[in-house]
Structures are given as structure tokens and as C-alpha cells.
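Subject: Structure handover

Hello,

Here is the structure I said I would pass on.

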Amino acid sequence: MAKKIKASKVSKRTRNPIRQIVDNLKVEPNKDKEFISLALGDPTTHGNLKIHQSCVDSVTKHLNSFKANGYGPSVGTLPAREAIAKKYSGGFANYVAKDIVIASGCSDALNLCIGALCDDTQNILIPRPGFSLYETLASSKGIECKFYNLLPDQQWMIDLKDLEAQIDSKTACILINNPSNPCGSVYPKSHLMDLIQIAIKYDLPVIADEIYADMVFEGHEFHALASLTDKVPILSCGGLAKKYLVPGWRVGWICIHDPTDVLSEIRDGIMNLSQLIIGSNSLIQAAVPDILATDESFNKENMKQLQGNAELCIELLQGCPGITVVKPQGAMYLMLKIEIEKFKDITDDVDFVEKLVQEQSVLCLPGQCFQCPEPFVRIVFSPPKEKIHESVSRIKEFCLNHLK
Ligand SMILES: Cc1ncc(COP(=O)(O)O)c(C=O)c1O
């Protein structure tokens with residue numbers, strides 16, 4: 001028999017915890033009920049949140065120009081970088097084109113940042129619960145992940161004591177995510193200032209995953225971390241995916257905030273790594289200046305719809321035994337706390353999700369996908385109102401059926 005070919009170490013240690021958990025779920029939906037997924041963080045799935053016509057027009061214009069089909073610079077084209085620099089400058093963050101690197105989505109931007117900042121002898125601090133890609137990217141490179149807790153009883157703010165306690169001589173950087181996936185939290189300015197103090201104390205750079213920038217509910221304000229400090233070096237990662245409702249267009253970016261001029265090697269490192277695949281998409285990049293000029297009322301309207309959906313979830317789950325909702329403040333996610341002891345036959349969050357699919361044909365993601373230490377379930381509230389109404393009512397029915 002022919003010898004089996006071995007896969008590389010890197011490929012073996014590259015794993016996405018979401019896929020590992022979701023692919024192993026024993027999920028056979030109830031055939032009598034329409035299947036509804038509240039699992040996917042893709043705002044385009046149902047068609048209720050629609051891209052702005054001006055973005056379609058701009059891409060069409062550039063497609064027809066035949067001028068946006070070639071290879072561009074690996075860090076992105078000048079007009080796109082200039083537009084991003086202008087749009088995201090504010091407070092202490094004063095970007096020019098050379099501070100911007102365009103990537104293949106925010107995922108690639110994060111990959112470039114982690115790759116440039118961390119060695120395989122070092123560790124990175126990442127949030128728990130948090131977006132699973134952070135761990136995937138870091139462990140793929142052999143970088144140790146240290147998790148700091150977010151506090152569900154305090155609107156998922158960072159447990160700063162816990163974060164500080166994790167820092168050691170091998171810590172390369174802190175990664176934060178604001179607004180948060182999976183928590184739907186939006187950090188107030190004072191909290192970000194406290195985090196900045198820790199970064200100053202330990203002389204650490206911060207990767208700020210701000211892919212949900214500006215996606216906040218009424219009464220909440222988004223503060224870009226870089227806008228608040230003239231001392232801490234920050235790599236802010238963003239992209240078109242969520243706010244402009246085009247995740248498949250794969251344009252993300254890094255804004256390099258270097259107020260004390262310490263990041264010259266990191267700039268070179270990001271530039272080197274960007275040359276691996278030249279991941280920024282030339283056609284969509286050409287449209288970036290127009291896309292970023294979309295009237296802000298577009299985002300406001302979308303956020304109104306998302307806030308309405310979040311409020312509907314909360315209303316429907318009010319008085320639902322065994323469930324506590326941590327009220328979201330933005331993004332498109334909320335976390336339900338499952339009080340396992342109140343249920344007669346549910347062992348953990350994965351079991352909750354499996355039984356919910358089998359009985360009610362509703363799919364959510366278990367908190368374990370996000371390293372959540374307690375039993376939580378994440379709901380995506382971007383689907384249309386009718387689907388939210390139907391699926392969340394079924395979650396309530398499910399809880400009532402399983403109560404002790
Ligand atoms: C917190 C967070 N960061 C980054 C990403 C990746 O964004 P992109 O699709 O632009 O790669 C996502 C996508 O869901 C996310 O939730």
C-alpha cells in the first residue's frame with residue numbers, strides 16, 4: 001500500500017473551535033418546524049438588511065472602467081488608503097495613507113497584526129468569551145493564548161484585574177474587541193481609558209478589533225481606542241463587512257496608530273507579511289472611497305432595525321425561566337445565560353443547543369465556541385423581525401418544556 005502523506009505541524013495545530021463544535025453537534029432539526037438559524041454572523045443572509053445602492057453603483061462603475069482588474073500594491077491602493085485614513089482619524093488618531101494597510105477582510109488584518117507583533121515564544125492576551133478566530137490565528141503560529149475574562153454582570157466589561165494578572169515577560173500584546181462579538185457590548189470611554197493605563201504600565205501595544213465600529217444602539221457611543229491615547233501604540237483592525245453589509249467583498253484594514261514612533265519594525269513586518277498573498281481585492285478597493293462616503297443615515301437606519309430586533313428578543317424572553325439576557329448595546333449579537341440547575345435534563349450549553357435544534361429547529365451557537373467558561377448561548381439578531389419572533393418564541397417554549 002502507498003505510504004500516507006503526513007500533514008504539516010502548522011496545518012494540524014490550525015483549528016477553528018466553532019467548526020469543531022458545530023460540526024460535531026448532533027443536530028437533526030424537527031421536520032415539522034421550519035429551520036431557523038440564529039448562528040451565523042452574516043447580516044446579508046435574509047435580505048432584510050440591504051447594501052446601499054451607491055455602493056453597488058460604485059463597484060459597477062469601476063468594473064466597467066476596466067481599470068480595477070490588475071494587481072495593486074500589497075498594502076492597498078493609495079486612494080483607498082487615503083479614504084480610510086481620513087474616515088478613521090479623530091482625537092489622538094491622525095492617520096495618513098502610510099498608516100493604512102488593506103487586507104482580505106478584517107480576518108486577514110488580524111492575521112497580519114498578530115503575525116507582525118508576536119513570536120512563537122510569546123503570548124497574546126485575548127478576551128473570553130471572544131471571537132474564536134483570535135485563538136485560531138495565534139495557535140496556528142505557535143503563539144500561546146492567554147485568556148482574560150469579560151464580566152457578564154457588568155455588561156461584559158473587561159475584568160481588568162484578571163487581564164493585568166495574565167501579563168508576563170512573554171506577553172507581546174493585548175487584543176480587545178469593541179463592540180464585541182459574541183457579547184454585543186460597547187465599552188464606555190472610561191473603561192477604555194483604564195485599559196490604556198494598563199497598556200502604558202506594561203509598555204504593551206494593543207490590537208483593537210473594531211470591525212463593529214459605529215454599530216451601536218441609541219444612547220451608546222463608539223470610541224476608537226486609538227482616538228483616546230497619545231501614548232499607546234495601537235493597531236486598529238476594521239473593514240467593510242458589517243457596517244456596509246458586504247462581508248463577501250473581503251476588504252478589511254489596519255490603521256496603525258504610532259504616537260510615540262515605536263512601530264517602524266512592525267510597519268515593515270506587516271508590509272512583508274502583506275506580500276504573502278496580496279489579499280486586498282482590487283475592484284472593491286477602487287470603490288472604497290465611495291463606500292466610505294455612504295451617508296451615515298444608512299448605518300443609523302440599520303442600527304435602528306438591529307436595536308428593534310434586540311429589544312424584541314429581550315421582550316419575548318422576559319420571564320422565561322432558566323434564561324437571563326445580558327442586554328446588548330450594539331453589534332448584532334446577544335448572549336443568553338443558561339441556568340442549568342433550573343432544567344431537568346440539560347447538561348450544558350452544547351446540550352441546550354442540540355436539544356433546541358432537535359425539538360424546535362432553531363440553531364444558536366453554544367458559548368463554548370467562544371471559550372465562555374459559563375453556560376451561555378449566542379443569538380444573532382440580524383434576521384427579519386418575523387424570524388426573530390418565531391425563533392425566540394420557540395426558545396421560550398423549549399425552556400418551559402424542560403423546566404424542573
Ligand atoms: C469580532 C470579529 N472580528 C473580525 C471578523 C472578521 O471580519 P471579516 O469578515 O472582515 O474578515 C468578525 C466576523 O464575524 C468578527 O465578528
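The notes below go through domains, cores, the ligand site and a few individual residues.

Please keep in mind throughout that this is a predicted model.

Domains

The protein chain splits into domain 1 (16–50 + 297–402) and domain 2 (53–292). Their C-alpha centres are 27 Å apart. Across the boundary, 35 residues of domain 1 make contact with 32 residues of domain 2.

Nonpolar cores

The largest nonpolar core is made up of 84 residues, and Ile124, Ile207, Ile254, Phe352 and Ile395 have the most contacts inside it. The biggest contribution comes from helix H11 (residues 296–317), which supplies eight residues. Because domain 1 (16–50 + 297–402) and domain 2 (53–292) both contribute residues, this core lies between them. A separate core of 52 residues lies apart from it, and includes Ile102, Trp156, Leu160 and Ile167.

For Ile124, the contacts beyond four places in sequence are Ile114, Cys118, Ala138, Ile143, Glu144, Cys145, Lys146, Cys173, Leu175 and Ile207.

Ligand site

There are 14 residues around the ligand, and those that come nearest are Cys106, Ser107, Asn181, Asp209 and Tyr212.

- Cys106: a polar backbone atom is 2.8 Å from an oxygen atom of the ligand.
- Lys242: an N or O atom in the side chain is 2.8 Å from an oxygen atom of the ligand.
- Arg250: an N or O atom in the side chain is 2.9 Å from an oxygen atom of the ligand.

Most residues other than glycine have a negative phi, and most peptide bonds are trans. The residues below depart from one or other of those patterns.

The peptide bond from Asn178 to Pro179 is cis, with omega near -15°. Pro179 sits in the loop between strand E6 (171–177) and helix H8 (189–202). A cis peptide bond also joins Asn181 and Pro182, with omega about 20°, and Pro182 is in the loop between E6 and H8 as well. Asn181 is one of the residues that come nearest to the ligand.

Phe66 is not a glycine but has a positive phi of about 60°. Phe66 is placed in the loop between H3 and helix H4 (78–88), and it counts as exposed because its relative accessibility is 67%, where the cut-off for exposed is over 50%.

Ala331, also not a glycine, has a positive phi of about 55°. The loop that holds Ala331 runs between strand E10 (323–326) and strand E11 (333–338). With a relative accessibility of 0%, Ala331 counts as buried.

Polar residues

Which residues does Asn48 touch, not counting those up to four places away in sequence? They are Gln305, Ser382, Pro383 and Pro384. Two of these contacts come with polar distances: the side chain of Asn48 makes a polar contact with the side chain of Gln305 at 2.8 Å, and a polar atom of the Asn48 side chain lies 2.8 Å from the backbone oxygen of Ser382. Asn48 is located in the loop between strand E1 (36–37) and helix H3 (53–65). Its relative accessibility is 18%, so Asn48 counts as buried; the limit for that class is under 20%.

Gln307 belongs to helix H11. The relative accessible area of Gln307 is 17%, so this residue is buried too. Beyond four places in sequence, Gln307 is in contact with Phe217 and Glu218.

Ser393 is part of helix H13 (residues 385–402) and counts as partly exposed because its relative accessibility is 29%. The Ser393 side chain reaches the backbone oxygen of His389 at 2.5 Å. Setting aside neighbours within four places in sequence, Ser393 is in contact with Leu316 and Ile388. From Ser393 to Ile278 the separation is 115 residues in sequence and 46 Å in space, C-alpha to C-alpha.

Regards

Definitions and conventions:
Residues are numbered from 1 along each chain as its sequence is written. This is a predicted model: local features need pLDDT of at least 70, side-chain atom pairs count only at pLDDT 80 or more; totals for chains, interfaces and linings use all residues. Side-chain values use heavy atoms; hydrogens and water are left out. A nonpolar core is a set of buried Ala, Val, Leu, Ile, Met, Phe, Trp, Tyr and Cys residues joined through side-chain atoms within 4.5 Å. Buried means under 20% relative accessible area, exposed over 50%, partly exposed in between (1.4 Å probe, protein chains only). Helices (H or I, at least four residues) and strands (E, at least two) are DSSP runs, numbered from the N terminus. Domain bounds come from an automatic or database domain assignment. Contact means heavy atoms within 4.5 Å. A residue is near a molecule or strand if one of its heavy atoms lies within 4 Å of it. A polar contact is a pair of N or O atoms within 3.5 Å; within protein, one must be able to donate a hydrogen and the other to accept it, and residues adjacent in sequence count only if both atoms are side-chain atoms.
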